[in-house]
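Student: I am new to this structure and would like a close look at a single part of it. Could you take me slowly through the aromatic side chains that group together?

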Amino acid sequence: MTILVTGATGNVGRNVVDQLVHRGADVRALVRDTAKANLPAQVEVVQGDLLDVDALRAAFAGVSTLFLLNAVVPDEFTQALLTLGVAREAGVKRVVYLSVIHSDVYVNVPHFAGKFGVERMIEAMGFEATVLRPAYFMDNEHTIKDAITGYGIYPMPIGDKGLAMIDARDIGEIAAIELVRRDSGEGSLPFERMNLVGPDTLTGADAAAIWSDVLGRPIAYHGDDVAAFEQNLRQFMPSWMAFDMRLMGERFVSDGMVPDAGDVERLTALLGRPLRTYRDFVAAIAG
């Protein structure tokens, strides 16, 4: 049977595909442009997007399990529900969905609230599903590296509650493990949610201190000015998305992204190795 991966050419999706191929799974990837997909030769690549119902119907032929990942876009919720509707029409029962940690807490943040709505629909529609709820991606630091190295500031408004940052490679591997477990499982497997977190919960000051150690010079935490954060983002993203990210930053400051008891231990056992650390990630991209 075949595992269909959406969002297969993105940062997390590529890791999921690579890990599935490594585990010998039959993988089909839904991509917008097959010529630019550049996925492993073993992967069946099909063209389409999550608003193209005909393409979705073709992509789901012979599929047993779905990995659902869709980008932060204005119609993210609609895309997800259309995909789930076509999946159910095709007889697919098993789903692994990439949501976000505290999707039920950050209720005023559009892309969090949308993901929580999708979680609820997956459960209400009776899918046998694992909902993965990752915390802040370490990989986001690629977008602020120049500000850190060029201006000596850490500009992300993280606050002092702490974020349990996780490496996208760990997300991809955990997702692949769950997809294979769902796909090969006999009988019905229960619906479950799983927080995906890194081994350390870091404040803005913590992150700046790690960058200082790695670079060998002082890096200052820029503080929790979410208004300035929004204005900076508006230089390279639409205003609606910049405001969405500002609202997320406000919740970073007020709530943080703190793991539940036992999350780190559960993921470490699942992977059979330690989770990747923020310090090692920073050392790699700063080098």
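Tutor: Tyr106, Phe112, Tyr136 and Phe252 form one aromatic cluster, where rings of Phe, Tyr and Trp (its six-membered ring) pair if their centres lie within 6.5 Å, and where planes under 30 degrees apart count as stacked, over 60 as edge-to-face and the rest as tilted. Before going further, please keep in mind that this is a predicted model, in which local features need pLDDT of at least 70 and side-chain atom pairs count only at pLDDT 80 or more, while totals for chains, interfaces and linings use all residues. Residues are numbered from 1 along each chain as its sequence is written, and side-chain values use heavy atoms, with hydrogens and water left out.

A search of the whole structure finds 4 aromatic pairs. In one of them, the rings of tyrosine 106 and phenylalanine 112 have centres 4.6 Å apart and planes at 20 degrees, so this pair is stacked. Tyrosine 106 is buried, with a relative accessible area of 0%, and phenylalanine 112 is likewise buried, with a relative accessible area of 0%; here buried means under 20% relative accessible area, exposed means over 50%, and partly exposed is in between, using a 1.4 Å probe and protein chains only.

Tyrosine 106 also pairs with phenylalanine 252, and because their ring centres are 6.5 Å apart with the planes at 65 degrees, that pair is edge-to-face. Tyrosine 106 lies in the loop between strand S5 (94–98) and helix H4 (110–124), whereas phenylalanine 252 belongs to helix H9 (residues 239–255), so the pair ties together parts that are 146 residues apart in sequence. The helices and strands named here are DSSP runs numbered from the N terminus, with helices (H or I) of at least four residues and strands (E) of at least two. Phenylalanine 252 is buried as well, with a relative accessible area of 1%.

Leaving aside residues up to four places away in sequence, arginine 14 touches Ala8, Thr9, Lys36, Ala37, Asn38 and Leu39, where contact means heavy atoms within 4.5 Å. The C-alpha atoms of arginine 14 and asparagine 70, which are 56 residues apart along the chain, are separated by 13 Å.
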